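Keep the sequence at hand as you read.

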Amino acid sequence: MTAIENTALGRLEKEGRLLNAVFKGATIRPGRFGFRGDIALKFQAQVADEKRPPDFSIEQVLTVAEEGENTIPVLAGYLHSFAYLADVAKVLDGALSPDGSYFIFCNNIDLLAKYRTKLGDITFHVLPCDQSTVWKEMMYLVGVDKNDIKRLDAGGRLDYLIDAAKHVDASFDDVSYEYGLKKMEPVKNRNENRPV
């Protein structure tokens, strides 16, 4: 059984950043630990011992980490603002690899935009996320049909999707983080069109 402490996710777990887990455990691949949930980027100031939700997080994260490896090979998640990408690079510093595949879906970039943005030596593939989930967006991006994975358990489905994501040919526009900040749009209210 793979323990989270022996993976690149161990530090994030110790810092209390892995929240709202839909799945958090060993996958069907030996030596692999999977996580679906949120990674807190900025915590609110805590008063006494009350637990407050983070100011902002990478939401709907899909990732795995291999036992004994220092870095996360693939990660996908949702950011409410493109501006938070700098916080992702800071919080996950040392846990990401220049060879990894990292997909960030943003609320406030043009719906037709697809960026490749480098922070330090880490490349992020930045895509719009419109009224959908990271899971659905990734399934579409990597070309996995839900019938391909319906017989697998939660860990197996995550394995399948992550393995497919490693081979995505992402020929996106190379843009600097500063350019992305200039081009980003106002953050859309997620609850705007929801029925009451």
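Strand β6 (residues 115-119) runs parallel to strand β8 (residues 173-174), and two bridges join them. Here Arg116 has Asp174 as its bridge partner in β8. Strands are DSSP runs of E, at least two residues long, and helices are runs of H or I, at least four long; both are numbered from the N terminus. Two strands pair if DSSP finds at least two bridges between them.

This is a predicted model: local features need pLDDT of at least 70, side-chain atom pairs count only at pLDDT 80 or more, and totals for chains, interfaces and linings use all residues. Residues are numbered from 1 along each chain as its sequence is written, and side-chain values use heavy atoms, with hydrogens and water left out.

Now turn to the other neighbour of β6. Strands β6 and β7 run antiparallel, joined by five bridges. Thr117 is bridged to Phe124 of β7. Two residues lie between the strands of this hairpin, and Gly120 takes a positive phi near 65° there.

Which residues of β6 are on its covered face? They are Tyr115, Thr117 and Leu119, while Arg116 and Lys118 are on the uncovered one. In a regular strand, side chains alternate between the two faces of the sheet.

Next, the rings. The structure has five aromatic pairs. Rings of Phe, Tyr and Trp (its six-membered ring) pair if their centres lie within 6.5 Å; planes under 30 degrees apart are stacked, over 60 edge-to-face, and the rest tilted. Phe82 and Tyr115 make an edge-to-face pair, 6.2 Å centre to centre with 80° between the planes. Phe82 is in the loop between β4 (72-79) and α2 (85-91) and Tyr115 is in β6, so this pair ties together parts 33 residues apart in sequence. Both Phe82 and Tyr115 are buried. Buried means under 20% relative accessible area, exposed over 50%, and partly exposed in between (1.4 Å probe, protein chains only). Ring pairs also link Phe82 and Tyr115 with Tyr177 and Tyr179 in a cluster.

Tyr102 and Phe124 form a tilted pair, 6.3 Å centre to centre and 50° between the planes. Tyr102 belongs to strand β5 (residues 96-106) and Phe124 to strand β7 (residues 122-128), so the pair ties together parts 22 residues apart in sequence. Tyr102 and Phe124 are both buried.
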